[in-house]
Amino acid sequence: MGAAPNVRLRLSNRAENVLLIRQALSGLAEAVGLDAVALNDVSTAVTEAANNVVLHAYEGDEGPLEVEFSSTAVGLDVLVADRGQGIAPSIRSGDAVSDGIGLPVIQALTDSVEFRDRPSGGTEVAMHFELDQARPLDDAPGLAVAGEQAAIDPDRPEGIVLGVAPTAVARNVVPRVLSTLAARAYFSTDRISDAQLLADTLVSELDGAVDGPLLVGVTVLPRNLELRIGPLLSGRAGMLFNGEDEELGSILGRLTDGHAVSESGTLELLDLRMAQRG
Amino acid sequence: MTATATTSIAPTSAPGAPAETLQLFARWQQDGDHTARQQLVERFMPLARSLTRRYGRSSEPFEDLLQVASLGLLKAIDRFDADRGFPFQSYAVPTILGEMRRYFRDSGWAVHVPRGAQERALKVRDAQERLSNETGRAPSVNQLAEYLELDTEDVIDALQAIRAYETVSLDAPRVGHDDEVISYGDSIGGEDARYELVELDATVSSALAHLPARDRLVLHLRFVEDLTQTEIAEKIGISQMQVSRLLRRSLEQLRTMTDAPPAGKAR
(Lines give C-alpha, C1' and ligand atoms only; values in the text may rest on other atoms or scores of the structure.)
Protein backbone atom coordinates (compact mmCIF):
# COMPACT_ATOMS: atom_id res chain seq x y z
CA MET A 1 0.00 0.00 0.00
CA GLY A 2 2.27 2.77 1.16
CA ALA A 3 -0.04 5.70 0.44
CA ALA A 4 -1.61 7.41 3.44
CA PRO A 5 -5.33 6.75 3.57
CA ASN A 6 -7.80 9.47 2.57
CA VAL A 7 -10.72 8.01 4.43
CA ARG A 8 -10.68 5.90 7.54
CA LEU A 9 -13.78 4.57 9.26
CA ARG A 10 -13.72 2.94 12.65
CA LEU A 11 -17.01 1.42 13.59
CA SER A 12 -18.57 -1.68 15.01
CA ASN A 13 -19.28 -4.70 12.85
CA ARG A 14 -23.03 -4.15 12.88
CA ALA A 15 -24.71 -4.99 9.60
CA GLU A 16 -26.13 -1.47 9.28
CA ASN A 17 -22.61 -0.04 9.12
CA VAL A 18 -21.87 -1.62 5.74
CA LEU A 19 -24.15 0.99 4.21
CA LEU A 20 -22.10 3.69 5.89
CA ILE A 21 -18.92 2.30 4.36
CA ARG A 22 -20.51 2.34 0.92
CA GLN A 23 -21.65 5.94 1.40
CA ALA A 24 -18.15 7.05 2.43
CA LEU A 25 -16.76 5.28 -0.63
CA SER A 26 -19.31 7.02 -2.87
CA GLY A 27 -18.16 10.35 -1.46
CA LEU A 28 -14.53 9.56 -2.18
CA ALA A 29 -15.48 8.37 -5.68
CA GLU A 30 -17.17 11.73 -6.32
CA ALA A 31 -14.14 13.60 -5.07
CA VAL A 32 -11.66 11.77 -7.32
CA GLY A 33 -14.01 11.46 -10.28
CA LEU A 34 -14.49 7.71 -10.42
CA ASP A 35 -17.10 6.56 -12.93
CA ALA A 36 -20.19 4.67 -11.83
CA VAL A 37 -19.11 1.27 -13.17
CA ALA A 38 -15.75 1.43 -11.40
CA LEU A 39 -17.46 2.58 -8.23
CA ASN A 40 -19.88 -0.33 -8.45
CA ASP A 41 -16.96 -2.76 -8.75
CA VAL A 42 -15.19 -1.36 -5.69
CA SER A 43 -18.40 -1.03 -3.72
CA THR A 44 -19.41 -4.63 -4.37
CA ALA A 45 -16.00 -6.03 -3.38
CA VAL A 46 -15.82 -3.86 -0.25
CA THR A 47 -19.33 -4.92 0.71
CA GLU A 48 -18.33 -8.59 0.48
CA ALA A 49 -15.25 -8.04 2.63
CA ALA A 50 -17.15 -5.99 5.20
CA ASN A 51 -20.02 -8.47 5.34
CA ASN A 52 -17.47 -11.08 6.22
CA VAL A 53 -16.44 -9.10 9.27
CA VAL A 54 -20.09 -8.59 10.15
CA LEU A 55 -20.85 -12.29 9.95
CA HIS A 56 -17.70 -14.07 10.99
CA ALA A 57 -15.04 -12.01 12.74
CA TYR A 58 -16.45 -12.18 16.27
CA GLU A 59 -18.51 -15.35 16.25
CA GLY A 60 -21.80 -13.55 16.66
CA ASP A 61 -20.51 -10.89 19.05
CA GLU A 62 -19.94 -7.21 18.30
CA GLY A 63 -16.42 -5.97 17.63
CA PRO A 64 -14.47 -3.32 15.75
CA LEU A 65 -14.45 -3.01 11.98
CA GLU A 66 -11.96 -0.69 10.29
CA VAL A 67 -11.93 0.41 6.70
CA GLU A 68 -9.39 2.58 4.90
CA PHE A 69 -9.54 3.99 1.40
CA SER A 70 -6.40 5.37 -0.21
CA SER A 71 -6.52 7.04 -3.58
CA THR A 72 -3.22 6.76 -5.43
CA ALA A 73 -1.97 7.86 -8.83
CA VAL A 74 -2.88 4.47 -10.31
CA GLY A 75 -6.07 3.60 -8.48
CA LEU A 76 -7.56 2.81 -5.15
CA ASP A 77 -6.33 0.74 -2.21
CA VAL A 78 -8.85 -0.53 0.29
CA LEU A 79 -8.20 -2.19 3.61
CA VAL A 80 -10.95 -3.96 5.55
CA ALA A 81 -9.80 -5.12 8.97
CA ASP A 82 -11.05 -6.66 12.18
CA ARG A 83 -9.55 -7.49 15.54
CA GLY A 84 -11.23 -10.82 15.80
CA GLN A 85 -10.50 -14.42 15.18
CA GLY A 86 -9.96 -13.72 11.59
CA ILE A 87 -11.90 -13.41 8.46
CA ALA A 88 -8.99 -14.79 6.53
CA PRO A 89 -9.14 -18.43 7.67
CA SER A 90 -12.88 -18.57 7.16
CA ILE A 91 -12.85 -16.76 3.87
CA ARG A 92 -10.00 -18.88 2.61
CA SER A 93 -11.99 -21.99 3.21
CA GLY A 94 -14.48 -20.65 0.72
CA ASP A 95 -17.55 -20.87 2.92
CA ALA A 96 -17.18 -17.61 4.81
CA VAL A 97 -20.08 -15.92 3.10
CA SER A 98 -23.17 -18.03 3.42
CA ASP A 99 -23.31 -19.16 -0.17
CA GLY A 100 -19.56 -19.23 -0.64
CA ILE A 101 -19.21 -16.72 -3.45
CA GLY A 102 -17.85 -13.77 -1.46
CA LEU A 103 -14.27 -14.65 -2.23
CA PRO A 104 -14.68 -15.29 -5.97
CA VAL A 105 -16.55 -11.98 -6.20
CA ILE A 106 -13.71 -10.12 -4.48
CA GLN A 107 -11.18 -11.85 -6.70
CA ALA A 108 -13.12 -11.06 -9.86
CA LEU A 109 -13.48 -7.37 -9.07
CA THR A 110 -10.03 -6.52 -7.67
CA ASP A 111 -6.73 -6.32 -9.52
CA SER A 112 -5.04 -7.90 -6.53
CA VAL A 113 -6.10 -9.00 -3.09
CA GLU A 114 -4.27 -10.24 -0.01
CA PHE A 115 -5.57 -11.75 3.19
CA ARG A 116 -3.26 -11.09 6.11
CA ASP A 117 -3.01 -11.61 9.82
CA ARG A 118 -2.28 -8.33 11.62
CA PRO A 119 0.72 -8.21 13.93
CA SER A 120 -1.49 -6.57 16.55
CA GLY A 121 -4.13 -9.27 16.27
CA GLY A 122 -7.03 -9.61 13.90
CA THR A 123 -7.00 -9.98 10.17
CA GLU A 124 -7.26 -7.76 7.14
CA VAL A 125 -8.19 -7.89 3.50
CA ALA A 126 -6.08 -5.59 1.33
CA MET A 127 -7.61 -4.90 -2.06
CA HIS A 128 -6.10 -3.01 -4.93
CA PHE A 129 -8.07 -1.59 -7.83
CA GLU A 130 -6.40 -0.10 -10.89
CA LEU A 131 -8.69 2.70 -11.94
CA ASP A 132 -8.82 5.89 -13.93
CA GLN A 133 -9.68 8.87 -11.81
CA ALA A 134 -10.76 12.07 -13.47
CA ARG A 135 -9.48 14.14 -10.53
CA PRO A 136 -6.65 12.24 -8.84
CA LEU A 137 -5.54 13.66 -5.52
CA ASP A 138 -1.91 13.90 -6.60
CA ASP A 139 0.19 14.10 -3.50
CA ALA A 140 -2.26 15.76 -1.15
CA PRO A 141 -1.53 14.57 2.38
CA GLY A 142 -3.72 11.78 3.71
CA LEU A 143 -4.24 10.43 7.19
CA ALA A 144 -1.36 9.41 9.39
CA VAL A 145 -1.25 6.38 11.65
CA ALA A 146 -4.43 5.23 13.30
CA GLY A 147 -3.35 6.03 16.86
CA GLU A 148 -4.11 9.72 16.62
CA GLN A 149 -7.82 9.03 16.42
CA ALA A 150 -7.90 8.11 20.10
CA ALA A 151 -8.62 11.69 21.15
CA ILE A 152 -11.82 11.72 19.19
CA ASP A 153 -13.20 8.35 20.25
CA PRO A 154 -16.83 8.70 21.20
CA ASP A 155 -17.77 7.52 24.67
CA ARG A 156 -19.92 4.67 23.44
CA PRO A 157 -18.55 1.54 21.78
CA GLU A 158 -21.12 1.72 19.01
CA GLY A 159 -19.82 5.18 18.11
CA ILE A 160 -18.29 5.84 14.72
CA VAL A 161 -15.06 7.68 13.95
CA LEU A 162 -14.45 9.10 10.51
CA GLY A 163 -11.07 10.47 9.53
CA VAL A 164 -10.74 12.20 6.20
CA ALA A 165 -8.13 14.19 4.26
CA PRO A 166 -7.63 16.29 2.25
CA THR A 167 -10.48 18.84 2.40
CA ALA A 168 -11.47 18.11 -1.20
CA VAL A 169 -12.38 14.59 -0.10
CA ALA A 170 -13.96 15.70 3.18
CA ARG A 171 -16.33 17.95 1.23
CA ASN A 172 -17.89 14.90 -0.40
CA VAL A 173 -17.50 12.30 2.32
CA VAL A 174 -18.56 14.08 5.51
CA PRO A 175 -22.03 15.20 4.27
CA ARG A 176 -22.80 11.71 3.00
CA VAL A 177 -21.76 10.03 6.23
CA LEU A 178 -23.58 12.54 8.42
CA SER A 179 -26.80 12.38 6.45
CA THR A 180 -26.74 8.59 6.51
CA LEU A 181 -26.37 8.69 10.28
CA ALA A 182 -29.11 11.31 10.53
CA ALA A 183 -31.39 8.94 8.65
CA ARG A 184 -30.47 6.21 11.11
CA ALA A 185 -31.41 8.53 13.99
CA TYR A 186 -34.91 8.84 12.45
CA PHE A 187 -34.43 12.44 11.35
CA SER A 188 -36.95 13.84 8.89
CA THR A 189 -35.77 14.70 5.39
CA ASP A 190 -35.58 18.40 6.16
CA ARG A 191 -33.44 17.74 9.22
CA ILE A 192 -31.26 15.38 7.16
CA SER A 193 -30.74 18.26 4.78
CA ASP A 194 -29.73 20.37 7.80
CA ALA A 195 -27.16 17.69 8.70
CA GLN A 196 -25.73 17.99 5.21
CA LEU A 197 -25.61 21.77 5.48
CA LEU A 198 -23.88 21.45 8.84
CA ALA A 199 -21.31 19.08 7.33
CA ASP A 200 -20.71 21.46 4.40
CA THR A 201 -20.26 24.37 6.77
CA LEU A 202 -17.92 22.57 9.15
CA VAL A 203 -15.71 21.17 6.41
CA SER A 204 -15.34 24.59 4.81
CA GLU A 205 -14.93 26.62 7.98
CA LEU A 206 -12.49 24.20 9.60
CA ASP A 207 -10.17 24.07 6.61
CA GLY A 208 -6.91 25.25 8.15
CA ALA A 209 -8.25 25.09 11.70
CA VAL A 210 -7.57 21.40 12.19
CA ASP A 211 -4.34 20.01 13.55
CA GLY A 212 -3.79 17.33 10.93
CA PRO A 213 -6.72 15.64 9.22
CA LEU A 214 -10.35 16.26 10.13
CA LEU A 215 -11.71 13.67 12.54
CA VAL A 216 -15.41 13.33 13.25
CA GLY A 217 -16.76 11.07 15.98
CA VAL A 218 -20.47 10.36 15.89
CA THR A 219 -22.84 8.64 18.26
CA VAL A 220 -26.32 7.91 17.00
CA LEU A 221 -29.16 8.05 19.51
CA PRO A 222 -32.86 7.96 18.73
CA ARG A 223 -33.68 11.40 17.29
CA ASN A 224 -30.24 12.70 18.28
CA LEU A 225 -26.78 12.87 16.79
CA GLU A 226 -23.78 13.61 18.98
CA LEU A 227 -20.71 14.81 17.12
CA ARG A 228 -17.17 15.34 18.31
CA ILE A 229 -14.89 17.18 15.93
CA GLY A 230 -11.20 17.88 16.09
CA PRO A 231 -8.47 18.10 16.99
CA LEU A 232 -8.75 21.85 16.38
CA LEU A 233 -6.08 24.45 16.90
CA SER A 234 -6.51 26.34 20.14
CA GLY A 235 -9.28 28.95 19.98
CA ARG A 236 -10.75 27.78 16.70
CA ALA A 237 -13.78 25.96 18.03
CA GLY A 238 -15.06 29.00 19.91
CA MET A 239 -14.52 31.17 16.87
CA LEU A 240 -17.11 29.23 14.94
CA PHE A 241 -19.88 30.26 17.29
CA ASN A 242 -18.61 33.49 18.80
CA GLY A 243 -16.23 34.81 16.17
CA GLU A 244 -16.42 37.98 14.15
CA ASP A 245 -18.58 36.23 11.61
CA GLU A 246 -21.93 36.57 13.36
CA GLU A 247 -23.84 35.01 10.49
CA LEU A 248 -21.76 31.88 10.77
CA GLY A 249 -22.50 31.72 14.48
CA SER A 250 -26.23 32.04 13.96
CA ILE A 251 -26.26 29.54 11.10
CA LEU A 252 -24.43 26.95 13.18
CA GLY A 253 -26.64 27.75 16.14
CA ARG A 254 -29.80 27.06 14.12
CA LEU A 255 -28.46 23.87 12.56
CA THR A 256 -27.44 22.38 15.92
CA ASP A 257 -29.03 21.99 19.34
CA GLY A 258 -26.12 22.62 21.62
CA HIS A 259 -22.35 22.82 21.54
CA ALA A 260 -19.44 22.60 23.92
CA VAL A 261 -15.70 23.00 23.61
CA SER A 262 -13.24 20.86 25.54
CA GLU A 263 -9.48 20.91 25.69
CA SER A 264 -7.33 18.01 24.63
CA GLY A 265 -3.75 18.91 25.50
CA THR A 266 -2.96 22.07 23.60
CA LEU A 267 -5.77 21.36 21.17
CA GLU A 268 -9.55 21.64 21.23
CA LEU A 269 -12.44 19.32 20.61
CA LEU A 270 -15.82 20.61 19.51
CA ASP A 271 -18.91 18.72 20.65
CA LEU A 272 -22.13 19.33 18.75
CA ARG A 273 -25.58 17.92 19.19
CA MET A 274 -28.31 17.74 16.57
CA ALA A 275 -31.85 16.74 17.47
CA GLN A 276 -34.95 15.94 15.52
CA ARG A 277 -37.42 18.59 16.52
CA GLY A 278 -41.16 18.46 16.80
CA MET B 1 0.98 -15.27 7.26
CA THR B 2 0.05 -14.31 3.76
CA ALA B 3 -1.99 -16.31 1.35
CA THR B 4 -2.67 -15.32 -2.21
CA ALA B 5 -6.29 -15.58 -3.05
CA THR B 6 -5.94 -17.90 -6.01
CA THR B 7 -4.74 -20.77 -3.85
CA SER B 8 -7.60 -20.42 -1.47
CA ILE B 9 -10.64 -21.67 -3.32
CA ALA B 10 -11.45 -25.05 -1.93
CA PRO B 11 -12.48 -27.40 -4.76
CA THR B 12 -15.35 -28.55 -2.56
CA SER B 13 -17.05 -25.17 -2.54
CA ALA B 14 -19.19 -25.85 -5.62
CA PRO B 15 -22.84 -26.33 -4.74
CA GLY B 16 -24.46 -29.67 -5.27
CA ALA B 17 -22.50 -32.84 -5.79
CA PRO B 18 -19.37 -31.88 -7.74
CA ALA B 19 -19.20 -35.27 -9.40
CA GLU B 20 -22.71 -34.91 -10.70
CA THR B 21 -21.96 -31.42 -11.97
CA LEU B 22 -18.89 -32.68 -13.79
CA GLN B 23 -20.97 -35.40 -15.40
CA LEU B 24 -23.42 -32.81 -16.67
CA PHE B 25 -20.55 -30.80 -18.13
CA ALA B 26 -19.24 -33.89 -19.89
CA ARG B 27 -22.67 -34.68 -21.33
CA TRP B 28 -23.11 -31.15 -22.67
CA GLN B 29 -19.61 -30.28 -23.79
CA GLN B 30 -18.64 -33.69 -25.21
CA ASP B 31 -21.96 -35.18 -26.29
CA GLY B 32 -23.89 -32.01 -27.06
CA ASP B 33 -26.72 -33.06 -24.74
CA HIS B 34 -28.98 -30.02 -24.42
CA THR B 35 -30.85 -31.48 -21.47
CA ALA B 36 -27.61 -31.54 -19.51
CA ARG B 37 -27.00 -27.92 -20.41
CA GLN B 38 -30.46 -26.99 -19.20
CA GLN B 39 -29.84 -28.82 -15.94
CA LEU B 40 -26.61 -26.89 -15.45
CA VAL B 41 -28.46 -23.64 -16.03
CA GLU B 42 -31.03 -24.57 -13.42
CA ARG B 43 -28.36 -25.70 -11.00
CA PHE B 44 -26.41 -22.46 -11.23
CA MET B 45 -29.22 -19.97 -11.69
CA PRO B 46 -29.13 -19.16 -7.94
CA LEU B 47 -25.54 -18.08 -8.47
CA ALA B 48 -26.58 -15.72 -11.28
CA ARG B 49 -29.38 -14.37 -9.08
CA SER B 50 -27.07 -13.86 -6.14
CA LEU B 51 -24.52 -12.01 -8.27
CA THR B 52 -27.24 -9.83 -9.76
CA ARG B 53 -28.37 -8.87 -6.30
CA ARG B 54 -24.86 -8.14 -5.10
CA TYR B 55 -23.45 -6.35 -8.12
CA GLY B 56 -26.58 -4.75 -9.46
CA ARG B 57 -27.99 -3.31 -6.29
CA SER B 58 -29.50 0.09 -6.70
CA SER B 59 -29.21 0.29 -10.46
CA GLU B 60 -31.23 -1.12 -13.33
CA PRO B 61 -34.44 -3.06 -12.76
CA PHE B 62 -33.51 -6.45 -11.29
CA GLU B 63 -35.11 -8.57 -14.03
CA ASP B 64 -33.26 -6.73 -16.82
CA LEU B 65 -29.96 -7.31 -15.15
CA LEU B 66 -30.75 -10.91 -14.30
CA GLN B 67 -31.12 -11.54 -18.03
CA VAL B 68 -27.63 -10.17 -18.58
CA ALA B 69 -26.30 -12.36 -15.77
CA SER B 70 -28.04 -15.39 -17.26
CA LEU B 71 -26.32 -14.74 -20.56
CA GLY B 72 -23.02 -14.68 -18.68
CA LEU B 73 -23.94 -17.95 -17.01
CA LEU B 74 -24.59 -19.59 -20.40
CA LYS B 75 -21.22 -18.39 -21.68
CA ALA B 76 -19.53 -19.78 -18.60
CA ILE B 77 -21.29 -23.14 -18.99
CA ASP B 78 -20.22 -23.38 -22.62
CA ARG B 79 -16.61 -22.40 -22.03
CA PHE B 80 -15.82 -23.97 -18.65
CA ASP B 81 -12.85 -26.32 -18.74
CA ALA B 82 -13.48 -28.95 -16.08
CA ASP B 83 -10.10 -30.59 -16.65
CA ARG B 84 -8.32 -27.73 -14.94
CA GLY B 85 -9.59 -28.89 -11.59
CA PHE B 86 -11.14 -25.68 -10.33
CA PRO B 87 -14.79 -25.48 -9.30
CA PHE B 88 -17.18 -24.06 -11.85
CA GLN B 89 -17.94 -21.08 -9.61
CA SER B 90 -14.40 -19.74 -9.79
CA TYR B 91 -14.88 -19.46 -13.55
CA ALA B 92 -18.53 -18.50 -13.59
CA VAL B 93 -18.32 -15.59 -11.11
CA PRO B 94 -15.87 -13.45 -13.12
CA THR B 95 -17.61 -14.37 -16.38
CA ILE B 96 -21.03 -13.32 -15.11
CA LEU B 97 -19.70 -10.17 -13.42
CA GLY B 98 -17.84 -9.33 -16.63
CA GLU B 99 -21.06 -9.60 -18.61
CA MET B 100 -22.90 -7.26 -16.24
CA ARG B 101 -20.05 -4.80 -16.22
CA ARG B 102 -19.98 -4.72 -20.02
CA TYR B 103 -23.72 -4.13 -20.04
CA PHE B 104 -23.32 -1.15 -17.72
CA ARG B 105 -20.52 0.31 -19.84
CA ASP B 106 -22.42 -0.21 -23.09
CA SER B 107 -25.57 1.41 -21.76
CA GLY B 108 -23.76 4.61 -20.85
CA TRP B 109 -24.15 3.89 -17.16
CA ALA B 110 -20.64 5.15 -16.48
CA VAL B 111 -21.35 8.67 -17.62
CA HIS B 112 -25.00 9.22 -16.81
CA VAL B 113 -27.02 8.94 -13.67
CA PRO B 114 -28.47 5.43 -14.13
CA ARG B 115 -32.04 5.30 -15.34
CA GLY B 116 -33.15 3.34 -12.31
CA ALA B 117 -31.56 5.82 -9.94
CA GLN B 118 -33.00 8.75 -11.85
CA GLU B 119 -36.52 7.37 -11.69
CA ARG B 120 -36.14 6.54 -8.04
CA ALA B 121 -35.00 10.05 -7.22
CA LEU B 122 -38.15 11.45 -8.81
CA LYS B 123 -40.31 8.95 -6.94
CA VAL B 124 -38.66 9.86 -3.65
CA ARG B 125 -39.13 13.54 -4.38
CA ASP B 126 -42.85 13.08 -5.08
CA ALA B 127 -43.42 10.80 -2.10
CA GLN B 128 -41.59 13.20 0.16
CA GLU B 129 -43.86 15.99 -0.88
CA ARG B 130 -47.02 13.93 -0.70
CA LEU B 131 -46.26 12.68 2.80
CA SER B 132 -45.32 16.19 3.92
CA ASN B 133 -48.61 17.54 2.64
CA GLU B 134 -50.60 14.81 4.29
CA THR B 135 -49.01 15.05 7.71
CA GLY B 136 -47.71 18.60 7.78
CA ARG B 137 -44.21 17.40 8.57
CA ALA B 138 -41.35 15.95 6.57
CA PRO B 139 -41.13 12.15 6.58
CA SER B 140 -38.15 10.15 7.80
CA VAL B 141 -36.11 7.98 5.46
CA ASN B 142 -37.73 4.90 6.99
CA GLN B 143 -41.19 6.26 6.28
CA LEU B 144 -40.24 7.01 2.68
CA ALA B 145 -38.71 3.56 2.27
CA GLU B 146 -41.83 1.91 3.63
CA TYR B 147 -44.14 4.05 1.53
CA LEU B 148 -42.23 3.35 -1.67
CA GLU B 149 -41.22 -0.23 -0.81
CA LEU B 150 -37.57 0.58 -1.28
CA ASP B 151 -34.42 -0.10 0.77
CA THR B 152 -33.49 2.75 3.10
CA GLU B 153 -30.21 2.83 1.20
CA ASP B 154 -32.04 3.50 -2.07
CA VAL B 155 -33.83 6.41 -0.43
CA ILE B 156 -30.58 7.81 0.98
CA ASP B 157 -28.99 7.52 -2.46
CA ALA B 158 -31.97 9.26 -4.00
CA LEU B 159 -31.79 12.14 -1.52
CA GLN B 160 -28.09 12.39 -2.30
CA ALA B 161 -28.75 12.45 -6.03
CA ILE B 162 -31.39 15.15 -5.65
CA ARG B 163 -28.96 17.20 -3.61
CA ALA B 164 -25.91 16.68 -5.74
CA TYR B 165 -26.95 16.48 -9.35
CA GLU B 166 -28.75 19.08 -11.32
CA THR B 167 -29.43 16.22 -13.74
CA VAL B 168 -32.18 15.13 -11.36
CA SER B 169 -34.24 18.05 -12.46
CA LEU B 170 -36.70 19.54 -10.06
CA ASP B 171 -38.51 20.85 -13.11
CA ALA B 172 -39.31 17.37 -14.35
CA PRO B 173 -43.07 16.96 -14.68
CA ARG B 174 -44.75 15.53 -11.65
CA VAL B 175 -48.24 14.40 -10.99
CA GLY B 176 -50.21 16.74 -8.73
CA HIS B 177 -52.85 15.66 -6.30
CA ASP B 178 -55.63 16.05 -8.84
CA ASP B 179 -53.43 14.21 -11.33
CA GLU B 180 -52.83 17.38 -13.28
CA VAL B 181 -49.27 17.65 -14.46
CA ILE B 182 -47.51 20.68 -13.03
CA SER B 183 -43.86 21.54 -12.78
CA TYR B 184 -41.92 23.18 -10.03
CA GLY B 185 -40.99 25.96 -12.40
CA ASP B 186 -44.64 27.03 -12.44
CA SER B 187 -44.96 27.15 -8.71
CA ILE B 188 -41.99 29.44 -8.18
CA GLY B 189 -42.58 32.39 -10.50
CA GLY B 190 -43.90 35.85 -9.76
CA GLU B 191 -43.04 35.96 -6.10
CA ASP B 192 -40.62 38.84 -6.06
CA ALA B 193 -43.07 41.35 -4.69
CA ARG B 194 -43.58 39.21 -1.62
CA TYR B 195 -39.87 38.95 -0.97
CA GLU B 196 -39.59 42.68 -0.76
CA LEU B 197 -41.90 42.66 2.24
CA VAL B 198 -39.34 40.88 4.31
CA GLU B 199 -37.31 43.09 6.53
CA LEU B 200 -33.88 41.62 6.89
CA ASP B 201 -32.03 41.91 10.15
CA ALA B 202 -29.87 44.95 10.70
CA THR B 203 -26.92 42.65 11.29
CA VAL B 204 -26.81 41.24 7.78
CA SER B 205 -23.55 41.67 6.01
CA SER B 206 -23.09 43.20 2.61
CA ALA B 207 -22.41 39.68 1.34
CA LEU B 208 -26.04 38.79 1.95
CA ALA B 209 -27.18 41.81 0.00
CA HIS B 210 -25.66 40.29 -3.13
CA LEU B 211 -27.96 37.30 -3.08
CA PRO B 212 -31.24 37.28 -5.01
CA ALA B 213 -34.29 38.30 -2.98
CA ARG B 214 -35.74 34.81 -2.81
CA ASP B 215 -32.49 33.29 -1.56
CA ARG B 216 -32.23 35.98 1.12
CA LEU B 217 -35.79 35.30 2.17
CA VAL B 218 -35.14 31.57 2.51
CA LEU B 219 -31.98 32.23 4.53
CA HIS B 220 -33.87 34.61 6.76
CA LEU B 221 -36.74 32.22 7.37
CA ARG B 222 -34.39 29.37 8.17
CA PHE B 223 -31.67 31.07 10.21
CA VAL B 224 -33.36 34.08 11.75
CA GLU B 225 -36.93 32.93 12.21
CA ASP B 226 -35.80 29.32 12.67
CA LEU B 227 -38.54 27.78 10.52
CA THR B 228 -38.02 24.23 9.30
CA GLN B 229 -37.35 23.65 5.63
CA THR B 230 -40.82 22.18 5.32
CA GLU B 231 -42.44 25.26 6.85
CA ILE B 232 -40.44 27.47 4.51
CA ALA B 233 -41.48 25.35 1.55
CA GLU B 234 -45.12 25.76 2.47
CA LYS B 235 -44.81 29.47 3.09
CA ILE B 236 -43.30 30.38 -0.25
CA GLY B 237 -44.81 27.64 -2.38
CA ILE B 238 -41.81 25.55 -3.40
CA SER B 239 -40.77 22.05 -2.39
CA GLN B 240 -38.64 21.22 0.63
CA MET B 241 -36.05 19.71 -1.70
CA GLN B 242 -35.85 23.07 -3.45
CA VAL B 243 -35.48 24.86 -0.14
CA SER B 244 -32.66 22.44 0.64
CA ARG B 245 -30.92 23.21 -2.64
CA LEU B 246 -31.43 26.94 -2.28
CA LEU B 247 -29.96 26.92 1.20
CA ARG B 248 -27.00 24.88 0.10
CA ARG B 249 -26.28 27.19 -2.80
CA SER B 250 -26.77 30.35 -0.77
CA LEU B 251 -24.47 29.20 2.02
CA GLU B 252 -21.86 28.29 -0.55
CA GLN B 253 -22.13 31.72 -2.11
CA LEU B 254 -21.90 33.41 1.27
CA ARG B 255 -18.76 31.43 2.06
CA THR B 256 -17.19 32.35 -1.24
CA MET B 257 -17.96 36.02 -0.73
CA THR B 258 -16.75 36.22 2.84
CA ASP B 259 -13.78 33.91 2.38
CA ALA B 260 -10.67 35.37 3.89
CA PRO B 261 -7.42 33.49 4.41
CA PRO B 262 -7.41 31.64 7.75
CA ALA B 263 -4.95 34.13 9.21
CA GLY B 264 -7.36 36.95 8.46
CA LYS B 265 -10.09 35.23 10.42
CA ALA B 266 -8.03 34.81 13.55
CA ARG B 267 -8.25 37.85 15.68
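A residue is called buried if 20 or more other C-beta atoms lie within 10 Å of its own, exposed if 12 or fewer do, and partly exposed in between, with C-beta atoms placed from the backbone. Select chain A: of its 278 residues, 58% count as buried.

Before going further, note that this is a predicted model, where local features need pLDDT of at least 70, side-chain atom pairs count only at pLDDT 80 or more, and totals for chains, interfaces and linings use all residues. Residues are numbered from 1 along each chain as its sequence is written, while chains are lettered from A and ligands numbered from 1 in the order in which they are written.

Now color chain A by domain: domain 1 covers 7–130 and domain 2 covers 146–275, bounds that come from an automatic or database domain assignment. Where they touch, 16 residues of domain 1 of chain A meet 18 residues of domain 2 of chain A; contact means C-beta atoms, placed from the backbone, within 7 Å.

Next, pick strand S1 (7–12) and helix H1 (17–32) of chain A, each of which supplies at least two residues to the side of domain 1 that touches domain 2. H1(A) gives the most to that side, with 9 residues. Helices (H or I, at least four residues) and strands (E, at least two) are DSSP runs, numbered from the N terminus.

Last stop: Lys75(B), in helix H3 (residues 62–79) of chain B. Lys75(B) counts as partly exposed because it has 15 C-beta neighbours inside 10 Å. Leaving out residues up to four places away in sequence, Lys75(B) touches Thr95(B) and Glu99(B).

Methods: Contact = placed C-beta atoms within 7 Å.
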